[in-house]
Amino acid sequence: MTSGFLRHSLFGGLAFRVLLFLSLTLLPIGLVAFIQTQQIAKQSKSAAELSLLGVTDQSAAIERTMLQEALGAGRALASVVTLVRENAEECSSFLDRYQHEVSRYRLVGFVQADSILQCSSRDEVFDMSGSAIAQNALEKGERTINALERGPITGARVVVVTVPVTYQHEKSGFVFISIDRAALETPEPKADEPNVMPLSLITFNANGDIISTEQSDTVTNDELPTDVALRDLPAQGRHVFSGTNAQGVERVYAVTMIVPDMVYAMSIWPMDTPILETDFTGRLSSFLPIAMWVASLVVAFWALNRLAIAHIRKLGRQMRHFALNRTLPRKPLGENLPVEIVAMERSFRGMANSILQDEARQEDSLREKNILLKEVHHRVKNNLQLISSIMNMQIRQAPTEANRRVLLRLQDRILGLATVHKSLYQDNEMTRVDAGILLREIVARSLDVGMEPNAGIDVVQEYEAVIIGPDDAAPLTLLVSEAVTNALKYVPKDRPGEAEICVYLSHTEPERALLRVSNTAGGIALEDGTGLGSRLIQAFARQLNGSLEIKEEGGMYVLELSFPVPLNDKDVYDY
């Protein structure tokens with residue numbers, strides 16, 4: 001119940017509901033700001049990627065220039081070779097002079113369609129049928145760029161550029177140029193700031209074969225991405241992606257094309273490279289929607305709390321204080337209040353004054369009624385005692401002992417009723433009485449009247465605090481008086497010290513009580529005599545809506561009455 005109340009007070013409060021509706025109102029603005037922020041983030045990311053690609057293009061400038069020059073030279077040589085291909089000596093001489101003029105070329109030659117190399121800068125004849133590069137160039141008839149760790153003729157690390165040769169629309173072979181890989185792998189001079197240079201730069205062909213690298217093969221293989229192959233990268237065009245290298249370190253990779261559809265460059269960057277970091281404005285714009293939302297809610301809550309909620313809570317505390325103590329606050333809520341709060345305070349004060357006046361009138365009326373009711377009970381008690389006094393006079397003049405006993409018994413019943421009225425007007429509430437206190441007094445009077453001095457009868461009384469209404473008090477006291485009188489009548493008087501009378505009253509349930517009156521067996525209770533006492537006991541039991549049981553157990557005659565004891569007063573109808 002406590003958790004439910006807390007949830008209701010938290011989520012059912014005015015502040016929560018206003019903030020909820022304000023949040024819904026600001027939602028479209030927040031969505032627009034979020035979309036704009038995402039666009040800014042995309043633009044920042046795109047700009048960073050373009051920067052990486054630009055640096056990659058710049059870093060691969062030497063490789064691009066040398067390879068493109070080699071392709072251009074290959075096309076030019078293919079045109080010349082078609083003119084001198086029949087004269088191997090003249091062809092080799094021409095290629096030898098060209099190779100010496102371009103010192104970075106290791107070997108320049110022309111391979112015929114039958115895989116025989118007769119025209120080259122070495123002026124020797126070689127059979128190239130065992131070369132995979134030669135066979136691939138002859139079969140496809142396309143330009144190729146490949147890298148060899150050991151050239152079959154030069155024995156050096158070279159990059160081989162092939163250009164097909166066509167004569168009269170037929171493939172007659174290809175021209176090749178071997179470039180020293182050391183010339184391609186010579187790093188470009190570093191910029192003034194080393195942080196803007198990649199960790200490594202590699203070039204590779206469309207088949208995924210590495211053409212050149214600025215580092216050793218071991219370092220290069222360690223830095224390559226593990227989740228994507230090099231041959232799959234050209235299909236994606238110019239792009240930037242992130243992945244992990246062989247050491248499990250996160251890297252950023254930028255791929256660009258340096259020779260159209262043939263050779264590509266890939267730069268490798270650390271994740272914390274400055275180019276990838278967005279500027280302060282970009283980072284701030286990411287938090288702008290949340291900051292706007294939080295600031296709006298804070299301002300709205302502050303204004304709502306200052307203008308309304310604080311005054312409503314204070315007014316609520318005044319109402320609770322009035323409900324508990326019936327006192328009005330001495331000072332008003334304050335000045336410069338909203339007119340609605342002022343109207344609420346005036347209504348509360350007017351209602352509180354009206355309640356105090358009504359309660360004062362009700363208390364005066366109730367006090368007068370209580371006085372009158374006490375007076376009624378007091379006068380009834382006095383009248384019953386007056387009747388008892390008159391009966392005393394009659395008892396003293398009774399002609400026989402039997403008449404005297406009848407009058408004494410009747411007088412005891414009248415005094416029992418007087419006791420009930422006395423208990424009622426002595427109680428402040430005059431609506432409920434303690435049955436235990438009432439029965440103790442009734443039993444004591446019955447014993448004074450019916451038991452002779454030194455009779456040798458033990459009387460045991462045990463009473464719990466059973467609270468009953470005035471409608472049940474009279475029949476209960478009269479029933480106990482009849483039961484005790486009956487027990488005194490039939491308890492054996494010839495066995496002093498053994499005779500016993502017990503009276504018990506206790507709760508059996510929250511709204512039910514048990515009355516038990518027992519006496520030592522010495523006669524047959526409720527059957528000898530006139531039977532008036534037995535009929536009265538049964539009548540009083542019915543008035544109490546109780547269940548009456550008379551039995552004999554363990555040498556005792558027992559009267560048990562189980563009757564309801566409502567916690568609330570019975571409804572009284574004024575007809």
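**Cores, a helix and a disulfide**

Hi everyone, let's start inside: of the 35 residues in the largest nonpolar core, those touching the most other members are I468, L476, L479, L505, L515 and F563. By nonpolar core I mean a set of buried Ala, Val, Leu, Ile, Met, Phe, Trp, Tyr and Cys residues joined through side-chain atoms within 4.5 Å. Buried is under 20% relative accessible area, exposed is over 50%, and partly exposed lies in between (1.4 Å probe, protein chains only).

Two or more residues each come from helix 11 (435–450), helix 12 (470–490), strand 15 (500–509), strand 16 (512–520), helix 13 (532–543) and strand 18 (556–564). Helix 12 gives the largest share, nine residues. Helices (H or I, at least four residues) and strands (E, at least two) are DSSP runs, numbered from the N terminus.

A quick word on the model. It is predicted, so local features need pLDDT of at least 70 and side-chain atom pairs count only at pLDDT 80 or more, while totals for chains, interfaces and linings use all residues. Residues are numbered from 1 along each chain as its sequence is written, and side-chain values use heavy atoms, with hydrogens and water left out.

Back to L479: leaving aside residues up to four places away in sequence, L479 touches L515, I537, F540, A541, L559 and L561, where contact means heavy atoms within 4.5 Å. There is also a second, separate core of 33 residues, and A60, L67, V84 and I211 are among them.

Now please turn to helix 5. Within this helix, residues 132–140, the buried ones are I133, A134, A137 and L138. Viewed down the helix axis they fall within an arc of 130°, so they line one face; that arc is taken from the directions from the axis to the C-beta atoms. Those buried residues pack against strand 1 (105–112), strand 4 (144–148), strand 5 (158–167) and strand 6 (170–180). On the face turned away from the buried side sit the exposed A132 and E139. Just after the helix, G141 takes a positive phi of about 65°.

Last stop, the cysteines. How many disulfides does a search of the whole structure find? One, counting a pair of cysteine sulfur atoms within 2.5 Å. This disulfide joins C91 to C119, with S to S at 1.6 Å. The partners are 28 residues apart and link distant parts of the chain, C91 in helix 4 (residues 88–101) and C119 in strand 2 (residues 116–120). The S-S torsion is about -80°, so the disulfide is left-handed. C91 is buried at 1% relative accessible area, and C119 is buried at 4%.
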